[in-house]
Amino acid sequence: MRKFVVWPNELDVRLSRRYGRTVGKEFAVDGPTIQEIVDAAESLGMKVVELDENKLNPRLAGLDEEYRRRGMVRIESKHPKGKSLKMIGQKIREIRKTRAKAKDKKSKSKRKKR
């Protein structure tokens, strides 16, 4: 099993590779949160070893506050870091789609009751 650190900026589509995005834009997501990363990793069978919501990736020091995402997750996975990040990015997208569909169903059912 491999252990590695996942920073939210590694999966953030709004950032360039210069500021730490490590996956292609097709695998990146808009503003990933630490909790989304943890949920995605756990649903993929990866083990979360450590979680620190206050750490800031040193690469983000010169970046606007709007794009800074604090937090760090140490994960244990059987896959290399690059493949794991791609899998996590795709899983976050799936999770967001299912939550959006559930939200739409709730709002539609509320409209029908009125």
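This is a predicted model: local features need pLDDT of at least 70, side-chain atom pairs count only at pLDDT 80 or more; totals for chains, interfaces and linings use all residues.
Residues are numbered from 1 along each chain as its sequence is written, and side-chain values use heavy atoms, with hydrogens and water left out.

**Stop 1: strands 1 and 3**

Select Lys3 and Glu76, which form a salt bridge with their closest N and O atoms 4.0 Å apart. A salt bridge here is a side-chain nitrogen of Lys or Arg within 4 Å of a carboxyl oxygen of Asp or Glu. The two residues sit 73 apart in the chain, with Lys3 in strand 1 (residues 2-6) and Glu76 in strand 3 (residues 72-77). Strands are DSSP runs of E with at least two residues, helices are runs of H or I with at least four, and both are numbered from the N terminus. Colour by accessibility: Lys3 is exposed at 54% relative accessible area, whereas Glu76 is buried at 16%. Buried means under 20%, exposed over 50%, and partly exposed in between (1.4 Å probe, protein chains only).

**Stop 2: strands 2 and 3**

Next, pick Glu50 and Arg74, a salt bridge whose closest N and O atoms are 3.0 Å apart. Glu50 belongs to strand 2 (residues 47-52) and Arg74 to strand 3, so this pair ties together parts 24 residues apart in sequence. Glu50 is partly exposed at 31% relative accessibility, and Arg74 is partly exposed too, at 29%.

**Stop 3**

Now show Asp12, Arg14 and Asp30, which a network of salt bridges links together. Zoom in on Arg14 and Asp12, where the N to O distance is 2.9 Å. Asp12 is buried, with a relative accessible area of 0%, while Arg14 counts as partly exposed at 31%. Across the whole structure, a search finds eight salt bridges.

**Stop 4: a positive patch**

Finally, select Arg93, Lys97, Lys101 and Lys105, which form a positive surface patch. Patch residues have over 30% relative accessible area and no salt bridge; like charges are joined within 9 Å, and nonpolar side chains (Val, Leu, Ile, Met, Phe, Trp, Tyr) within 5 Å. Lys and Arg count as positive, Asp and Glu as negative, with His and the chain ends not counted. Centre on Lys105 to finish: this residue is in helix 2 (residues 81-113) and counts as exposed at 64% relative accessibility.

Key:
Accessible areas come from the Shrake-Rupley method with a 1.4 Å probe; for residues, only the protein chains shown count as cover. The place of a charge is taken as NZ of Lys, CZ of Arg, CG of Asp or CD of Glu.
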